[in-house]
Each structure stands twice: as C-alpha cells, then as structure tokens.
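Me: I have a model open and would like to learn how to read its ligand sites. Could you walk me through them?

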Amino acid sequence: MSESRSEKNWWHSATVYQIYPRSFFDSNGDGIGDLRGITLHLDYLKKLGIGLIWLSPIFKSPMDDNGYDISDYQDIAAEFGTLRDFEELLEEARKRDIGILLDLVVNHTSDEHPWFMEARKSEDNPFRNFYIWRDPDQDGGPPNSLQSSFGGPAWSYEPATGQYYFHQFSRRQPDLNWDNPEVRCEIYNMMNWWLDKGIAGFRMDVIDRIAKEVDSEITADGPRLHEYLQEMHRETLAERNVLTVGEAWSATPGSALLYCGEDRNELSMVFQFEHVTQQWDQLYGKWRSKPFDLVALKSVLGKWQHALANDGWNSLFWGNHDLPRVVSNYGDTAGYHRESATMLATALHLLKGTPFIYQGEEIGMTNAVFQRIEQYRDVETLNMHRLHIEAGLSVEEFIAGANRNSRDNARTPMQWNSAPHGGFTTGTPWIESNPNYPQINVNQNLRDDRSIWNHYRRLIALRKSEPVIVYGTYQGYFDQHPNLYVYTRTLGTRRVVIIANFTAESVTFTVPNELRGRGRCLISNYENIKELESGVTMRPFEAFAVLQQIERSSSC
Ligand code: GLC
Ligand code: CA
C-alpha cells in the first residue's frame, strides 16, 4: 500500500518551509518584508533542501490581523508587492523545484472586503447573505454568548441595520456564510484562478470553522463541514496534483481521518494542535501555561502516529506564526541552544508525516523578550491584554505569559546577519528585532558545519534518501521515561532507532534487547557516536538516529 501512495503523492518526502512575509526580508527599506525579499532568498531555501513554501497571506488587506483579514482575494497587498512580483516568485521557485502553497483564508474576510461593505448597507442588499446576521437579544445585547477567539463577544453591532454580525476572530474579520451557495461558488472560482497560475496547493486557515451553526452555538466541526470540503474538492482540487493542509484546532485522531482519509476526497492532511494545547492552562489557556511534561507530549505524538498509520497522513510541526519559538518552548536557550534546537528537530523530523519548518527555526531563533505591552503588535495579544487585566490578572503575569506564548514571539524579523536589525531591513522594522541577532543569524549558521541550519539540512536530505523515514512504521519505547523520547521506524528489513534526550541532564538507559545491535548513524547532534549496546548514556539534549538491518518483521 505504501508503494502506491508514494507514487501518487510527490510531497510525501518533501519538507515545507513556512514564510511569514512581513518578517522575512524587506527589499525596499520600508520596514516590511515583501515578495521580492522572498525571491531574493530562494537560493538560500534551495540549499536547505525544502520542496515547498507555505506563504502566510499576501493578499490585499487592511492588516488588522497581518493579512488574515483579506479585502481582495485576487490582488496582492501593496506593501508586499504586485501580482507581477508574485508571478516572478512563483516562476523563480519553479525553476528551483520549489512549490508555493498559498494561505486560503475563507472562514472570514476583512470588513473592508467589497462584499462586506455592501452587505452591511441594508438587509436587502444582494451581499447581505454572504455574512451571518442576527437580531439583538431581547435586552439589545448580542444574540448569544459565543465568544471571539481574540476575546470578547463574537458578535458586533451594525447600527445601519440594527443587527449584529458574527465574527470568530476580530470585529474586522466578519465570518462568511458558507451555507450560501453563492459564497462557496465565489471561493471555488478564486481558488481555481490561483491554481491555474500553477501554485502547488493551499494551507487552509481555520478550515474546521467554516461550517458554523451559530444558533446552536456550534462553531468548529459543524455538521456540514465535510459536505463543503468534498464539494470544494470536486470543484477545485480533484483533477490537480496539489497539496492541501487544513488548520484544524478541533481535530481529534478520529475526525482527522474524515479530512484526510484516502477515500474521503477532501484534504491531504491537517494541522492538529493537541501537542500544543496539552501544555495550556484550563482557565487562562495559553496565557498561563503548565510546566513542560515530556511524558504527556510523547503520548500525544505517539497517539497521532498510530491513528494515521494506515490511512491519512500527519503534518509534523513544532512552530508557526501563532506559536512560540520551539527552542524557547521545549529547549534550553541559555545553556544548550544548539544542542536543544537540533535535538528537537531530530525528534520531530524522523516521525512519519510531512515536516513543516517555520522561518527562523532552522537557525534556532528564540522568543521575543518584549517587556512592555507597547512593543507588541499582535491584535490577539493586545485584545487579551486589555481583557485579562480588566479581569484581574497582573500586568507582570500577563507579560510573563506573553513572553511564553504571544504570537509576536514568532513574528520578529528573520535574522540574516549581524548588521542592524539582523539585516532584515535598512529601515525601521515594523516590529522590533530580537536583540540576539548578532549571535543567532543565518550567516553564522552557514559558516559552521555543526550549526542548527546544517542539522536541518541533513534531516531534510535524509527524508529524501531513506524511504524508511517516509513510510516506516512507528513504535514508541519508554513511554513513562521523563527525559528520553525513544522510537523506531521500520520498513521491510530496515529500522531506524531514534533516541532524544529532552533534558539538560545526562541520562543512562538500558537498551531494550530487541533494539541492540550495530547500525549506521544517520544523524547526531554530538560527536563520538556509540553503538546500541547494553547501556547508553545520553548527554544533555543529545539526539541521534541509527539505521539497522533487521530480519524482515512479520507485520510487513
Ligand atoms: C489562523 C491563523 C491566525 C489567524 C486566524 C484568523 O489561526 O493562523 O494567524 O489570526 O486564523 O484568520
Ligand atoms: Ca518592504
């Protein structure tokens, strides 16, 4: 079965690199990253070995949520460039065998989208039904208690017509009404327009939230969700060999298969977030996170590896533009920056699935260290700051939470070199650079063979050269071990054993009998590799993978 999948899905052995255009490279000195800035760095990405770029939104937008609020789906934001610049980027990427995934943000538009500007005018406007409107509650307040993900009610009052409109994110991001077939038709046409230009697919923003039923307070995973995704597939994706990944915070192992099971005709894979949310506080969510718990993390990762072992496909990621920097979140930036960043990369990239690297992760960029709320730019952080302070959280506690989990942690400018602002811009960046750019930057990484960047490059290459990494069966060991993550991947007579120490302590463990034996080291973040004999001592944040030749296992 894996053979037939491998022929069909060219992207199974590829690694995706996410670019947050605003913060990647500013080519004209206005302080904002742009499309030309990306085109200028395609050779850098080619050298890293990635096969696809996911571009966070580049479309016309008032930038209330940095482009996740689109006012024209078929034009480029002026600060990022022009359609011509996009076509040049696409063409230059194609020459280098790199595909481009666009961010499809169709749960909502901007309030400046012409559809919404029309819709809000009157109840009988032809575009009224593109959005979701309800009369006020008896007391004049919102129709029900649904809350926005960015804080406060999910309903805003529109004085012109005396009704409320629904928005799951900021009030400037009104939700589209997917129950209206005209809306769906417009979206499919737009998708086909981009696909016809030759893009490699889409990352689909909060796709689990499109089919809401607001009166019964269902927002995620609504009853008609899969009907819409199958229709979308028929109308846009079916005859094209593209990759689609849906952002689905609500996904469980069971529901994930509904999106990406082989006979479902919906998406290639989803981003699920269980490994992220298991770290959060019940009450304050990410604004007050729990201490890191490796046993819990392994249990979640293992559960997903098993759930999608024979059908569907996993996405693999530690970070993105909404999440903290991986090395700050799970690693040790002070004592073992290189070791922990490379260990984390190893532990993730040798799992089964498609790895996604978030820009800057490959050089070990760290969380921002903003101490004042004025340094933050993110609409969610600013809203939550106001609401949590009003509700009694202290400023210090909020800033501590933001230092760990604000989305701005991942949005500081890419650190290219030790020039001012890390070489990101010759002007003033839209958000402050992390002051550690003289130490952590691309140039320094490229010069050092043992750098984090070179480790990522090796991992990406391994996925292309070793089918066992792409298709091998996963098995976890030492589930309860508080320091080590140990797993194997097996395909036919080849087995890879992966051992990662998630802590700054040296840890000795006894190699299980069945894993003992000689092998070839595929990758390691330390020198002097040992054989898997009776006892092995793992140094702080050490990680390595050994390829062994075994008797053909009965299961395959
Ligand atoms: C997704 C995006 C996030 C955005 C939100 C609303 O979660 O990743 O950045 O704010 O959707 O579009
Ligand atoms: Ca610019």
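Reply: Gladly! Around ligand 1 there are 14 residues, the closest being Asp65, Asp205, Glu247, His321 and Asp322; a residue counts as near if one of its heavy atoms lies within 4 Å of the molecule. This is a predicted model, where local features need pLDDT of at least 70 and side-chain atom pairs pLDDT 80 or more, while totals for chains, interfaces and linings use all residues. Residues are numbered from 1 along each chain as written, chains are lettered from A and ligands numbered from 1 in written order, and side-chain values use heavy atoms, without hydrogens and water.

Me: Which polar side-chain atom lies 2.5 Å from an oxygen atom of ligand 1?

Reply: A polar contact here is a pair of N or O atoms within 3.5 Å. The atom you ask about belongs to Asp65. His321 places a polar side-chain atom 2.8 Å from a ligand 1 oxygen, and for a side-chain N or O of His108 the distance is 2.9 Å.

Me: Which residues coordinate the calcium ion (ligand 2)?

Reply: Donors are N, O and S atoms within 2.8 Å of the metal (3.2 Å for Na, K and Ca); water is not among the atoms, so sites may look incomplete. Here they come from Asp26 (OD), Asn28 (OD1), Asp30 (OD), Ile32 (O) and Asp34 (OD), at 2.2 to 2.4 Å. Along the chain, their spacing is D-x1-N-x1-D-x1-I-x1-D.

Key. Polar contact = N/O pair within 3.5 Å; in protein donor to acceptor, adjacent residues only side chain to side chain.
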